[in-house]
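Please walk through this model from the contact between its chains, by way of the sheets, to single residues.

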Amino acid sequence: MTWPPRDLSRDDYLKWIGMGLTEHAAASHMLPSDLSTARRCEQSPDVDLVGLFCDNAAALSMKPTRCPSTDLSRTIVTTLQQHDVRSVLSTIDDAALREAVEGALCATRDTLTGWPASREAVLHADLVITDVAAAIAETGTIVYDAGPNRSRCGHAIAPVHLALVRPEQIQADLLDFFTSPACADSLQRSASTVLISGPSKTADIEGVLVEGVHGPHTVHVLIIDD
Amino acid sequence: MSSPGDHPLHPTLPYSMRQRTSAGADPAVKKAVDDTTARRDQMRREAWHQAFGERVDDVRMLAKSIKQHTIANLDTYLGQFVDAAEARGTKVYFAPDGAHANAICLDIARQNNLSRCVKSKSMVTEETNLLPELEHAGIETWETDLGEYIVQLDEDAPSHIVTPVIHKDRYSVGRLFERKLKSDYSDDPEVLTKIARQTLRHHYERADLGISGGNFLIAETGSLVICTNEGNADLAVTLPRIHIAFVGIEKLVPQMSHLGVFLKLLARSATAQPITVYTTIVHGPRRPDEHDGPEQVHIILLDNGRSRLLGAEASELLECIRCGACLNACPVFREVGGGHAYGAVYSGPIGAVLTPSLKGGYADLPFASSLCSACYDACPMQINIPHHLVRLRAEQAESRVPLLERTFIRHWFGRLLDEKRYQRGIRWMRRLTRAAESTRAAPRWLTLLPGPARDWATERTLPQPSRQTFREWWQAKHDHGGST
């Protein structure tokens with residue numbers, strides 16, 4: 001065998017890797033089964049996950065708002081009014097939420113594009129409304145995934161992102177999310193899962209923080225809290 | 001140290017950066033690097049403490065033990081990763097070195113007729129020197145990370161793993177944009193960032209190829225994890241038709257659950273954030289029921305000298321998660337004005353051990369450290385960088401001792417091991433120095449030595465040998481004692 005071959009095959013390469021490893025090392029480094037040392041937030045009835053999520057999301061410069069479901073339409077409209085918005089894209093998996101958003105926006109003059117939408121509509125959206133796959137209280141993170149009813153770049157394409165979160169979607173700790181059914185579902189349903197923790201930002205020039213470099217400069221999170 | 005040639009997976013890193021001008025000469029650059037790194041180092045400490053309190057070291061140990069396990073079973077996890085990724089439609093390649101990795105990428109581009117590329121930040125593509133090859137093949141390529149974009153426009157090189165333009169100020173970026181993008185001059189970072197956003201959006205919309213790196217690979221699910229703050233990778237891997245990722249083989253973690261532990265450490269160590277703004281987990285290309293996303297996802301796994309470290313002490317270097325904490329903590333990194341002085345893709349303390357280990361050569365880098373251990377304290381993976389620096393120095397001492405020193409040591413030890421020859425040697429030395437003393441030429445004959453040895457000798461005198469050696473003294477004493 002001339003090494004390295006142009007197309008290094010899987011088996012040849014893995015054999016090569018295996019030659020470098022020792023059984024002793026493999027046996028002496030066990031995979032830790034208990035990750036709880038890294039845990040920062042407990043899933044318990046005593047913890048106000050919604051409150052914690054809101055605090056941490058705000059600390060990441062997101063704009064969390066709690067609103068009852070009866071007030072959802074009005075809150076969405078007032079949120080939109082804060083921005084100079086002409087075209088709105090909605091990519092929402094949850095059918096009830098989708099209807100609520102469509103109902104709220106048909107009353108205003110904003111053009112609403114549903115999903116699936118043309119590439120043009122996606123590229124030129126001023127604001128994208130999405131639901132989420134989960135949220136994480138420990139960090140104030142929202143989790144967005146793609147899928148049949150959601151755009152793969154829905155979270156990053158427009159200057160403003162409005163995300164709708166149900167309280168039961170909030171996980172306590174980052175570790176909880178990765179072992180949750182929500183994470184497993186996301187893997188099943190979608191080809192991408194994105195954890196979003198703030199507006200798009202950079203500090204590349206002299207360490208000065210600038211928001212909205214490639215993705216949204218503003219991320220609104222509405223928690224539908226009855 | 002084995003020479004690069006006798007290893008089938010000898011790396012071919014393009015370290016032409018050594019020829020670049022040393023940024024360390026500019027006091028403004030040095031101050032910028034000084035301020036940024038010192039602030040980042042302090043913030044990292046606070047972020048760790050705020051997040052984990054007294055448990056910081058336990059969390060670091062936990063993360064390390066996961067990596068140790070993964071590296072010790074790398075063949076198993078690589079196999080698992082490839083199976084899982086291919087089951088979801090991702091195509092995985094193994095590249096023994098940078099040239100092969102680039103060739104695989106260009107093949108994909110050629111087969112699919114790709115001509116416009118947007119690229120997110122990747123140290124591995126710096127390692128393979130991808131950008132010039134893409135341009136040479138006629139593929140218009142734009143870096144999309146703001147710092148990397150500035151570096152590309154200025155035909156410069158990144159100087160920090162996390163903050164590529166740590167060596168530039170707002171005025172030089174303003175002048176650069178005015179010159180290259182024909183924008184109105186501004187030195188306001190907010191305005192400059194907006195200009196970059198608009199220009200890069202234009203490139204995103206037309207691109208048919210998106211290239212990214214990868215921070216982690218999940219063996220169980222075949223997923224690729226990309227961490228950014230700007231969201232540039234999100235657009236680069238969703239808008240174009242084809243996504244190609246360059247990732248080092250050491251980026252594997254066994255399961256999704258383990259990712260959580262690393263995410264908790266990565267951003268806190270790098271920029272004192274609890275987590276990067278975007279943690280993008282790609283499980284594969286667009287599914288049949290999805291309406292957008294790339295049609296193809298290719299992952300090129302790069303070896304480039306990494307497998308050479310397996311099974312040896314140096315395998316600890318494969319635990320590095322590229323957070324840059326050791327760069328921020330290092331007084332030498334600050335003193336030399338950032339990463340350019342290291343003349344290699346990976347700079348700072350980790351670069352000083354990683355570069356010679358992956359690439360061979362770079363004999364000066366293990367000495368570019370005061371061994372103060374600040375890097376060891378700062379490393380979230382507790383990589384014992386000072387130990388590896390000393391180890392690499394020791395390897396050099398064994399294989400690179402000058403001929404004169406080697407000859408001297410050989411003769412010296414030859415004499416030490418043989419009593420008669422030792423005695424003869426001592427007597428010869430004594431006679432020589434006594435002869436010198438008797439002629440009162442002692443200080444002078446030393447000054448006849450060449451070069452620096454003369455300067456050394458003029459300030460010193462030779463110690464005078466005693467009248468008799470210890471053995472002679474012992475012998476005499478015993479003879480004397482025996483007669484009484």
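**From the interface to the sheets**

Between chain A and chain B there are 4 salt bridges. One salt bridge joins B:Lys264 to A:Asp173, and the closest N and O atoms of that pair are 2.7 Å apart. The model is a predicted one, and the distances and areas in this text are computed from it. Polar contacts between chain A and chain B come to 45 residue pairs, both residues of a pair being at pLDDT 80 or more.

On the side of chain A that touches chain B, at least two residues each come from helix H1 (10-20), helix H2 (23-28), helix H6 (119-123), helix H7 (174-178), H8, S9, strand S10 (201-202) and strand S11 (210-211) of chain A. H1(A) supplies the largest share of that side, with 7 residues.

In terms of contacts, 82 residues of chain A meet 101 residues of chain B. The two chains bury about 7500 Å² between them, and carbon and sulfur atoms give 61% of this area. The residues of chain A that lose the most area to chain B are A:Arg152, A:Ile205 and A:His214, which together make up 11% of what that side buries.

A:Tyr144 has A:Val194 in S9(A) as its bridge partner.

Chain B has 21 helices and 10 strands. Of its 484 residues, 57% are buried. Among the contacts in chain B with a separation of 6 or more, 75% are between residues 24 or more positions apart.

Another open sheet is made of 6 strands of chain B in the order S1-S10-S7-S4-S2-S3, with parallel pairing. Its edge strands are strand S1 (91-95) and strand S3 (140-143) of chain B, each pairing on one side only. On average, neighbouring strands of this sheet are turned by 20 degrees against each other, direction ignored.

The pairings can be followed from strand S7 (residues 242-248) of chain B. S7(B) pairs with strand S4 (residues 209-212) of chain B in the parallel sense over 4 bridges. In this pairing B:Ser212 stands opposite B:Ala245. S4(B) also runs parallel to S2(B), and 3 bridges join the two. There, B:Val118 has B:Gly210 in S4(B) as its bridge partner. S2(B) in turn pairs with S3(B) in the parallel sense over 4 bridges, and B:Cys117 has B:Thr141 in S3(B) as its bridge partner. In a regular strand the side chains alternate between the two faces of the sheet.

**A helix and a loop in chain A**

Which residues of helix H3 (residues 49-59) of chain A are buried? They are A:Leu49, A:Val50, A:Gly51, A:Phe53, A:Cys54 and A:Ala57. The cover over the buried residues of H3(A) includes strand S1 (63-67), S5, S6, S8 and strand S12 (218-224) of chain A. H3(A) is followed by A:Ser61, which has a positive phi, near 70 degrees.

A:Gln82 is in the loop between helix H4 (72-81) and strand S2 (87-91) of chain A. Is A:Gln82 buried or exposed? A:Gln82 counts as exposed because its relative accessible area is 53%, and the cut-off for exposed is over 50%. A:Gln82 and A:Arg98 are 16 residues apart along the chain, and 21 Å separates their C-alpha atoms.

Methods
Residues are numbered from 1 along each chain as its sequence is written. Chains are lettered from A and ligands numbered from 1 in the order in which they are written. Side-chain values use heavy atoms; hydrogens and water are left out. Buried means under 20% relative accessible area, exposed over 50%, partly exposed in between (1.4 Å probe, protein chains only). Two strands pair if DSSP finds at least two bridges between them. Axes are lines fitted to C-alpha atoms, for helices over the stretch in contact, and angles run from 0 to 180 degrees between N-to-C directions. Contact means heavy atoms within 4.5 Å. Buried area is the accessible area (1.4 Å probe) that two parts lose on being put together, summed over both. A salt bridge is a side-chain nitrogen of Lys or Arg within 4 Å of a carboxyl oxygen of Asp or Glu. A polar contact is a pair of N or O atoms within 3.5 Å; within protein, one must be able to donate a hydrogen and the other to accept it, and residues adjacent in sequence count only if both atoms are side-chain atoms.
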